[in-house]
Every structure is written in structure tokens, then in C-alpha cells.
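Subject: Structure handover

Hello,

Here is the structure for you to look through. My notes on what was found in it follow below.

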There are 2 protein chains.
Amino acid sequence: MEKEACRILFLPENREVLAPPGTLILDAATRAGVIIDTPCGGQGRCGRCLVRIQEGEATRRENPHLTQKQQQEGWVLACTARVAGDLVLTVPLLKERERVAVESAASRRAAPVPCPLPFYPALRQVFLELPHPTLEDPATDLDRLRRALAQKEGLDRLRVELPNLQRLARTLREGKWQVTLDLYLPDGEARLVDLFPGKKKGPLLGLAVDIGTTNVVMEVVDLRSGRSLGGASARNRQVLRGEDIISRIVYSEKGEGLKELQGLVTDTINSLLLELARAHSFEPGEVEVMVVAGNTTMTHLFLGLYPKPIREEPYIPTTSFFPEVRAGEVGVNINPQAPVYALPAVAAYVGGDITAGVLASCLYRADRLTLFLDVGTNGEIVLGNKEFMTTCACSAGPAFEGAGMRWGMRAIPGAIEEVRIHSTTLQPTLRVIGDRPPQGICGSGLITTLSEMFLTGVMDRAGKVAGDFVVSRTRERPRARWGEHGTEYVLAWAEETDAGEDIVISEVDINSLLRTKAAIYAGIAVLARTLGIEFNQIEQVLIGGAFGQHINVESAIQIGLLPDLPWEKFHFLGNTSLAGAIQVLISKYARAQAEEIARRMTYLELIADNTFMNEMTAALFLPHTDINLFPSVKAQLEKKG
Amino acid sequence: MEKEACRILFLPENREVLAPPGTLILDAATRAGVIIDTPCGGQGRCGRCLVRIQEGEATRRENPHLTQKQQQEGWVLACTARVAGDLVLTVPLLKERERVAVESAASRRAAPVPCPLPFYPALRQVFLELPHPTLEDPATDLDRLRRALAQKEGLDRLRVELPNLQRLARTLREGKWQVTLDLYLPDGEARLVDLFPGKKKGPLLGLAVDIGTTNVVMEVVDLRSGRSLGGASARNRQVLRGEDIISRIVYSEKGEGLKELQGLVTDTINSLLLELARAHSFEPGEVEVMVVAGNTTMTHLFLGLYPKPIREEPYIPTTSFFPEVRAGEVGVNINPQAPVYALPAVAAYVGGDITAGVLASCLYRADRLTLFLDVGTNGEIVLGNKEFMTTCACSAGPAFEGAGMRWGMRAIPGAIEEVRIHSTTLQPTLRVIGDRPPQGICGSGLITTLSEMFLTGVMDRAGKVAGDFVVSRTRERPRARWGEHGTEYVLAWAEETDAGEDIVISEVDINSLLRTKAAIYAGIAVLARTLGIEFNQIEQVLIGGAFGQHINVESAIQIGLLPDLPWEKFHFLGNTSLAGAIQVLISKYARAQAEEIARRMTYLELIADNTFMNEMTAALFLPHTDINLFPSVKAQLEKKG
């Protein structure tokens, strides 16, 4: 039996109000004089109007913003839950609401397929005690060492290159015939990387590096435990010489351009290394193995390979399986004898970062039909499972990494990572990493900005900012205005920022973002069609790339970046390029697997596919020219309309 | 019926004389007023008093100074042949006599065992035409190259290191997909050493280097034909930092000593390389493979390996099988990617030069029991045949290379290479390389100086110059006198030389030479005794080392350097260290053979053998304390006495 009026008590303010069943909790709160922030204007988009039911019941919508556990604990969104009886509710402090929202977001980022490979680093440490040489046993130092290694470890092939051989005699005698060897054994033969007199203690360090076109991210791993000591990231200094791959390649063709670009990326790595070394108290020279994952061009530039043919039809890299070099050969300031392994590429535009991604995501052994996406400076796509893998690349551009955007920045403290625009007032609410005044916008911030501008009508489906309309509804200063780069929307006024200027998003920025999202969607569409696969057959969508770590699926679907599939199919894996490199660092099986993956993947050349440009043009709208491809967005618009 | 007096006609002077049968031709000539030079005073030692019988007969002694062909042509030594009937004789001009003497000496140096290994250099050149890449055939440059190499040459393993990989894309395109590869294939895997666009012409060059403690000798070989372009040699610049191995090692232990020594030997090699390049019109960078043979210490210093334990009991090298390095790693100015292979050593004092010597001498497949001697700065000895090989080293010192001698020098123009002392006048006659005023004495000159001084009584069996005795018999200025370094004998007066001073041999020099010859003889004696072998069982004596190229067996036996075996058992092979290195350059089978030799050879440590010092002390006399060990010398002394 339904009650006519329910008693709703809001804690801790202890205000009570009567409301009929079906009343939105948000409305009841307003009537009780309790203020609950609704950055999105109560549209259920932002997930910030959290309240917790202490007693009683409310009807609630299935909500992606809350984990199952949070729902069991009584958390609801005030803008979507409705009164169904007497209620006692707590309106938590902002800090507590943020904690719950972040927890919820984090839960949506978990890796979906656990596929650990055995912990078995290719770099190993061995301690040996050798018998002293005598006139009766005058074996050379190297023979003596090999003999002991064969006896103790069963290793009968040891390669010692000149620099370590030059140190062998002194080291053995200094350690009184006790010696610690750091051996690299990716396959049958052991290579001596370093040696120390006596028994060495301390960590055994490896470095995993993701060389992105825009960002370089790395992590130092203790190979005794497999645990990370810490990570660091920075803009790839090559950005100074061009923001995308093509402009880098063009730069490399001028005079000493290639050498300069190689120097810029090693400078970036060396600076980060120094930063990590200071933070975690090790010497850069103690790092004895390095695994690199990067796109094909980045790997070419890192190794000093001539990249020009990559940008010219028929797009041919020098090689897709890179020779293992020594750190000293490429100017990385770890142990100069340390092996540097670059993950193999598949083609000119599907690089070792994607091989690493397929490795880290475990797509290569998934039963389910999986779509893997890596949205970095380029967008690469893999569709497949343990039976087959097909991949393609769409030159998406670095827009979602913030490059080329007036206020773009990396996802570091000071970056706006989420934007909500109030449906009525059109005023934005910002979420800034590190909870401080904003300095710019990172990728996830750009996506929500776009979706919020679109859903609130600040911008039309073609990406045009509806200037007059916004001005008329925003009080005080107008948020929409004519700026240097066409119409722009102000996200933060100069005095609210650490930037010293208004932080805006302009139509030029919006066009870049549209082109990027259209290229990615078109790539997915062409790849699926080529394989005869319908979107709804896709059982899981794994999203890699540092960028993917923080994006909001709902917003990404709303702008037509991702296909309109049920949210539970999406999983954010974070930086899979780095994760794959770390796997190779800590498991030699992972390396063999990565090479197998690179060999197995079939590459689809989109440029050779004349449907790609048509698909992309159709996807330049929000969410798409054909709104029927995005039924959930269509429904939302209709409901709102 | 014997004639009472025979008629002897000397041409071209047309002088006739009568002489009874049995008269020495030399005496008959003197009576006829025909002057025949007898540098040794008519003792049959120097082989210079050549005359040619046109008609008639003479009794002659079996003579090692003449080849069989020369004897058939009628050549005799005037000091040993006796009248046996009427004779018509030609006394040739000095020039003609020298030609015959040199021809005779050369015939005694021929290699005794021809054992050519198949011509099959590890460095090969391959020309390939690759199909152009297309969107349908987008294989990477490296894969395309590998594919073509497998198809055309059946080579399925190609290693391309970073520096060449960096050039691959440009080279292929510059040559319009025609490419010339210089490949190094010592075993199953091919390594790319260099590559060129299109079809490359010109030579394919390899460098063989003998790094001696005192001298560096090298030869550039065209690996298309196996022919040498030319050779060059120079003092090892390390001589500045110590003349023998031990003093070099001691120097290497001080500060940057090792680095400096490594630099000095590469400087020596680089200078010679430049000299060869200029003389034979090639660029040093065109040389694409290098094979080095040197004693263990020289190889250690060349590679920068720490040599200290080589000089300390139990005498342990870092390694006896050296890693193949790239020229760029060791600072040799050939193609920096060129492989540098060092022949393997057997022990601390039996190095790659001896492995090369056993290879070049074919001892390793000889049926006959063979004694191989390499007399360089050290003396190394191998005794064996195809069934077994045992080796030892005696630290002989560089005396026979001229090092440490007041007037020692290498066997180059200006060096006294032969000395004859007149039995009566005690005046020396010199043979100088290049027929010019002398500048010093080389090894073969030192040996004949010693034997002549001993046989003529200028010096006694203990090596003491009999000053008074000599003074009394030398007119004008005394040849024997008290000098800065004890008693000395003057070989040439300042005004006859290019040295600006009297060229002498002092008792200090003589003592050095005695120690050296004693060490070598003692080594041979201990080695033979250890193996239970009597000297007369030795079927051939092969003498290597640049030094061995010019020495006179007779003199070497007379001073007790070589055992007293029939002369025909001795064969001079010249620089077998260099010859072995050349073999490895032109035949990959030779390399495998060299490694087999190094593994097979048994090393006898003389320092661990307490009989060695006794043997050496006994051998410090001329020819030996026990004259019965040298029956031919004993007979000569008795005859003279």
C-alpha cells in the first residue's frame, strides 16, 4: 500500500520534509533547504550528488557511477533515486562524496582478464665461488668462471663482451675468487651484464619505458621481487620538433634531424631516470636491463633508424623486430652494457606499444571476442581473441593527449579531469587533479567537456558553439564568446586558475577533438566490417593508453568516440604499453609471447581501404551522422528533448 | 793416373797458373794474382768465394751454401774445392756472386710441408636485387633483405647490428632495391659488415696482423683472389714502455698504463695501415675484417685485458679464446663494424702467434716428428706431429730482435745481416741489407757475429772478448777495445756507417745473446726429455718468426742456439704468426683448425720444471758446457785447433 506522503529526514542537518512517493530525493532536499551539489544540473551524468540511505527505501536506476558494494551500502544519486517510503538519509561532506566517486571510478578500471605469466626475469644474479688457480689447475679466468657456472647453474654458454672481460681478472682477484654475476638469459645463451667482487647485495634493477609520441612513461622494477620501485613520466622532448608522428619524420629528414630527435628522446629518458634514481635512492648505472615499448616511429627514432619510408606509401619500416642493443649504444645512462630490448612492431603504424598492449591485456589468449583500443597520439585497434587478431591504425592525432589544444595538458596535478555543465545555468563545475586551481585540461577532461557541451546544448551536433543561446542564459560574464580561435566556452576564469588567463575550449580545439574521435570510430567500424563482425558480437572492449585510464565511458560514447555498447563491456587497462614492457622485464616468457603476438597479428592498412574516409566523415558529427548507431545517446536526447 | 801439375785458367782475367792436384782453388787463384774475397778467411763458412767451373774437375765438399742446381751448374767455393785436373774457371763479379749466394740462402727457407686449406674467406660479398615493396607486399626492409638472401644464397640467418641497420633503408632506396652486402660468415650465422647501394666493384679487403712484442707486421689481402696487396712492418710503439713482456705488464699496472699500451699498439697498427693504404691506393675504412696473431700478453694488451696475472704465478690469462670484437671497439681505423678475430692462445706464454705458427707450419698434420720454434721476443717451442703436440715457452728476451742491444735493429735496409771475420786478420766483412752503409745489426747479423767471434777466437767459449789477443793481430786501429759496456769489438768504423759512430758489439750485448740462446736451447732440451724424445728422433725442425727468416743454421748451431742436427732437417718458414693469420683470413677452415690446435696442444710449464734452470746454465757457454752435444762444432774446432 502506497503512502500519500513519506517522511524524509536529512542528516546531519536534521531537517525533515514530507514528500509523495516518486519524488526525486534531490527535489525533496531542495524543499528541506538541504543543498546537494549537482555539477551536471541533476542529469545523472556526473555522479556527484551522492547521498546514503540509512533507513527506508528508494527506487533507483541501475547506475554505472556506483559499484555494487556501494549500492549495497545504501549509496544513491540524489538526482536519480526517488522516494518510495519513509527515509533517513545522510548527505555526506564533499570530501566523503569525492572519496566514494573516486572509488567507484577506480573499480571501473580493473583489468578484466588476469593472465599472469610466470615470474622469471631474463636478468638473474648468480653468486659463485671459484677454486683458486694453481700451476696444476691453470685454467684461464674465463674458463674457470664458465666451469663454475656450468657446475652450479647448469649454464654451459656464457658470452662475455669486451668491457666486462676487461674487468674479469681484477674482479675475481678482488673478491678472492668469489664473484657475483648479473646474467641476461633471454634464451639459451647467458650474457654477462655486470660482475662484482664477492657477494653483492642490493636490488637488481630493470627499467620499463613506454615511449609515446607525446609522453614518455617509465617504471623501475626490482627484479628480485618483481615489485615496482616507482614510476615517472614527462613530455617526450621531441614534441619541440613536431607534435605528431608525421611532423617528427619530416623533421628527421633535415640535416642532423634524426640524430637530434634520438638525442631528445634519450634526454627525456635520462632526465626521468635521474628523477627516479633520486626518489628511490639508486644509481642510474645500477639499472641493468631495459625494455622499451613504443610505436614504430618512436622506436625507429629511439634507435636512430631512418624513418622516412614509414610516412611514404607503401609505409615500410626498416624492421619490425628490433635488434637488442646495449644501453651505451643508444645513449641511455643506465649500465652501458645493459641490454635494451624493444618490443616488436606489426607494421608501420602498429608498433611495439600495441604488441605490449595485446600482451598486457591478454587479448591473445582471450576466449571472448575482444576489441582492444589504444588511444594515444595515434589510435590503434585490435579485434580478435586467442584464435585470430587483426589490427589497424587510424592517424587520430594527439588531441586527447592535450597536444595541439590551447589548454591541453597531461593528467597531472592542476589538470581539469572532469567537467560538468549545469543543464539550466550552463555554469561548469570542474574536477581538478590534486584538488587545486586548474592550469589546463587533460584528455578525460576534454571528453567530458565535449559531451557536456553537447548534451547541454552549449554546442550543436556539428561542434559549433551556440554562442547567442549560451550568452542569454549565463548571468554575469558570458561563458560563450568570440575568441582568438573562433567561438569559445570559458571553463574557468583567470582569477580561479593557476594559468593567469581564462581557460577556454575553442571551436578549433573542438574540431581537432572531433577529427580524432571520428578517426578512431571509423577505424573500429572498418575493422569490424572487414572481419564481418557486428558491434554487438564484441564481448569486451579493453582500453589502453594512459589516456584511457581516466576517461568516462558514458561521455566517450556520448561523443561517439566509442561504439554504443553496454558499459559493463568496457574495461580500462591504463597504460598497457608500459604494462607490457614491465611484463617482458619480469618474465622471459612474456618476451617470447610478445614476439609470437607480433608475428600472429594481421595488419589491415586503412589507407588502402577506401571506405575509411567515408566512415570518418560520417563520424565527424556528435555522436555520429547516423544517430541510430548510438541508441543510448538517442534515448538520452529524446528524453531530454 | 794423377797429373803432377794441372793447368788452371782463371776467366775473365785470363790468367793461368800450374798447380799440383789437391791444391785449394783459392790458393791457386792467389798464386795467379786473382783476388777472390773471403770474408771468413777461407774457412768455408761464409759461402762468398764462389767460382764457376767451365771445364775440368775439382773435388768438392758437400756444401750447404750451394743448392743442388747450383752445384750442377759448376759453382764451387774456392776455399773448399781442390784441383783434380786441368780447369777453366770463371771468377764472377761480386754482384753475380751475391746473387748466387742469396739464391742459395733463399732455397734453404722454403716451407717444407705444403698444406693449403681451401680458399674460403669468412668475408664474402653478395649482390642482391630485391622486389620493390608495395601495399600488397609491405614486408619491412630487413625482412625483404633476409628473404632475398635466403632465396639467392640459402642463408637463413642474418645478423644486422644497429649501425648498419640505421643505414639500411637509405641504402636500399638509393640503389633502387639493388644492394651489395659484405657478409661475415665464420660459422652458421651471417653478420652484415657493410652494405652499398647497387652493385659494388673494387677489392674486398682483409688485414692480417702479427702483433709482436717488438715488431708489428701486417699484410693486406684481397679476399676476392686471396692475393696479398702488400705488407708493412714497424716497431711496436709499446717498446717505449718496456722492451719485454714483463716490463710491459708492470707498466700496465700503473694508473692508465693499460690504456696507454693499448693505444700505443693500435697507433702502430693505424700508422702501418695508413702507409699500406697510400702505397696500394685503398681507404683504411675499406678493410672489413682483421685477424690478429700475437702472444698472450700482446693480445691482452691489444684488447685492453688486464695482464697482471700473466706475470704472477700461476700465470693465468683472462682468457685464451678471445671474443671477436668490432674494430671500432678497439680503436683500429678500418671499417668500425669489421670483425676483429684474435687467434686463440694455449697458455700465458704460448699465444695465438704459436697457434698461428702451428697452423702455418702444418705441424698439426705432419706425419714426421717435428720441432717448431718461434724465436721472437720470447722463444716458444712445439714438439709433435698430427698425433700429439706439446709446447713450452722460455722467456728468451728480445735480444735476437735487436732490442736491448746497443746497435740492434730490425731486418730493414741498413741492417748488418751477416758478419764474417777473417781468420787471420780478424777484420770483419759485413753484408748490409739494401747494400748501403750500415746503421745497426739485425738478428741474423747478431748470430753470425757471435759465431764468427767464437770460431775465430775473438771471443772465448764463455763469451769473453779476448781483447789483447785481438789487438795484437789487428793492424791500424784496434777492433777490440774497452768501451762503455765492457770489452767490445768494432764491426764498422763511424766513417763507414750511417750511424755516425762506431758500430760495436759489447760484452753486455754478448751476455744478452747468450742468455737468450741458452733459454731456447734449454727449452728444447727439457721439452724433448719430458716427452722421452732424443734429438736425433726429430725428423724436421721448422723455424718461424721474422727473425728465423734470415738466420744461418750453421751459425745458429755453432753458438748452440739450435741443436746439432743435420742441416737438411732445418727449414725456415719466415713469419709464421703472420702466415697463420693470413690463412685464417682467407679460409674459414683455418679458423676452425686454429681453435682445434689451441685446444689440442698440451702446455708444459717450464717454471714448474726444476731442470730448466740447470739446463739453461749449462747452455750459457758456446756452444754448450757439454761440447759433445754439438759434434759438428766439436769437429770444426778440432780441425781448426
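Two residues count as being in contact if their C-beta atoms, placed from the backbone, lie within 7 Å. The model is predicted, and by that cut-off 34 residues of chain A are in contact with 35 residues of chain B.

On the side of chain A that touches chain B, helix 4 (141-153) and helix 5 (162-174) of chain A each supply at least two residues. Helix 5 of chain A gives the largest share, six residues. Sorted by class, the side of chain A that touches chain B has 21 nonpolar, seven polar and six charged residues.

Next, how the chains are related.

Last, one helix to check by hand. Helix 17 of chain B (residues 588-600) has 13 residues and, at 1.5 Å a residue, should span 18 Å; its end C-alpha atoms are 19 Å apart, which agrees. The buried residues of helix 17 of chain B are Lys588(B), Ala590(B), Arg591(B), Gln593(B), Ala594(B), Ile597(B) and Ala598(B). Helix 11 (352-361) and helix 16 (576-586) of chain B are among the elements that cover these buried residues.

Regards

Methods: Residues numbered from 1 in each chain as written. Chains lettered and ligands numbered in written order. Predicted model: local features only at pLDDT ≥ 70, side-chain atom pairs only at ≥ 80, totals over all residues. Helix = DSSP H or I, 4+ residues; strand = E, 2+ residues; numbered from the N terminus. Expected span 1.5 Å × (residues − 1). Buried ≥ 20, exposed ≤ 12 C-beta atoms within 10 Å, placed from the backbone. Nonpolar A, V, L, I, M, F, W, Y, C, P; charged D, E, K, R; others polar.
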